[in-house]
Amino acid sequence: MMTISAPRLQAGKAAESKEGRATPRLSTDYLNRFNEALMLIELAATDDSVIDDLKAWVSLGYREHFQASRLRWAAETICAYDRVDAGRRRGFEQTCAAMTRLIRTMTALLSEKPHRPELPVIVEVASEALRRLIGRTTHFINANGTIDLTTVEDRSLQADVDALLAR
């Protein structure tokens with residue numbers, strides 16, 4: 001049995017398979033775009049000057065992100081994505097679509113003038129929801145697409161949202 005060192009397991013790089021061949025890996029670089037939107041949402045709650053940056057945020061699919069990327073392992077990352085089971089890939093894409101909808105909804109709410117009095121609570125709840133979704137997709141990518149996001153339970157997320165609204 002071949003031991004794989006930690007540096008070889010980094011997302012986006014090739015890891016050696018049991019047969020000694022390089023196996024393409026998924027990359028968390030894709031999630032930087034969602035992390036950027038999260039940061040802008042949290043900033044926009046208190047700083048209207050970033051609203052235009054939030055409005056300019058663009059959603060791209062995983063494959064499209066890496067097709068436009070200059071990362072040296074982008075082609076291998078696309079190859080790894082294409083090897084993921086179609087059902088699992090669909091669950092990942094649905095989760096990414098949910099993140100995009102949440103970002104667009106928050107952009108619209110933050111763009112409203114005057115701001116709603118409950119906006120800070122809405123931003124807090126939406127930010128936590130987005131963080132959880134980013135966490136789920138990070139787990140999927142780090143597992144190289146071997147988990148099914150459609151089977152992940154959201155009960156703890158709902159409990160957290162309920163607790164935030166009860167304050």
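A residue counts as buried under 20% relative accessible area, as exposed over 50%, and as partly exposed in between, with a 1.4 Å probe and protein chains only. The model described here is predicted, so local features need pLDDT of at least 70, side-chain atom pairs count only at pLDDT 80 or more, and totals for chains, interfaces and linings use all residues. Residues are numbered from 1 along each chain as its sequence is written, and side-chain values use heavy atoms, with hydrogens and water left out.

The protein chain contains 7 helices and 2 strands. Helices (H or I, at least four residues) and strands (E, at least two) are DSSP runs, numbered from the N terminus. Along the sequence, the order of elements is β-β-α-α-α-α-α-α-α. The protein chain has 167 residues, and 38% of them are buried. Contact means heavy atoms within 4.5 Å. Among contacts between residues at least 6 apart in sequence, 65% join residues at least 24 apart.

Two packed helices are described by the angle between their axes and the distance between the axes. Axes are lines fitted to C-alpha atoms, for helices over the stretch in contact, and angles run from 0 to 180 degrees between N-to-C directions. Angles under 35 degrees count as roughly parallel, over 145 as roughly antiparallel, 65 to 115 as roughly perpendicular, and the rest as oblique.

Helix 1 (residues 32–44) packs against helix 5 (residues 86–111). Their axes come within 11 Å and cross at roughly 25°. Helix 1 is therefore roughly parallel to helix 5. The crossing is left-handed, meaning that the near helix is turned anticlockwise from the far one by less than a right angle (right-handed if clockwise). From helix 1, the contact draws on Phe34, Ala37, Ile41 and Ala44. Helix 5 contributes Cys96, Met99, Thr100, Ile103, Met106 and Leu110. By class, the contact of helix 1 with helix 5 has 9 nonpolar residues, 1 polar and no charged. Here Ala, Val, Leu, Ile, Met, Phe, Trp, Tyr, Cys and Pro count as nonpolar, Asp, Glu, Lys and Arg as charged, and the others, Gly among them, as polar.

Thr100 lies in helix 5. Its relative accessibility is 6%, so Thr100 counts as buried. Leaving aside residues up to four places away in sequence, Thr100 touches Phe34, Trp57 and Ser59.

Helix 1 also packs with helix 6 (residues 119–142). The angle is about 170°, and the axes are 10 Å apart. Helix 1 is therefore roughly antiparallel to helix 6. On the helix 1 side, the contact is made by Phe34, Asn35, Leu38, Ile41 and Glu42. On the helix 6 side are Val123, Ser127, Leu130, Arg131 and Ile134. The contact of helix 1 with helix 6 has 6 nonpolar, 2 polar and 2 charged residues.

Two loops hold backbone features. Pro114 sits in the loop between helix 5 and helix 6. The peptide bond from Lys113 to Pro114 is cis, with omega near -10°. Asn144 is in the loop between helix 6 and helix 7 (155–166). Phi of Asn144 is near 55°, a positive value in a residue other than glycine. With 17% relative accessibility, Asn144 counts as buried.

The cysteines were also examined. A disulfide is a pair of cysteine sulfur atoms within 2.5 Å. The whole structure has 0 disulfides. Cys96 is buried, with a relative accessible area of 7%. Cys79 is partly exposed, at 29% relative accessibility.
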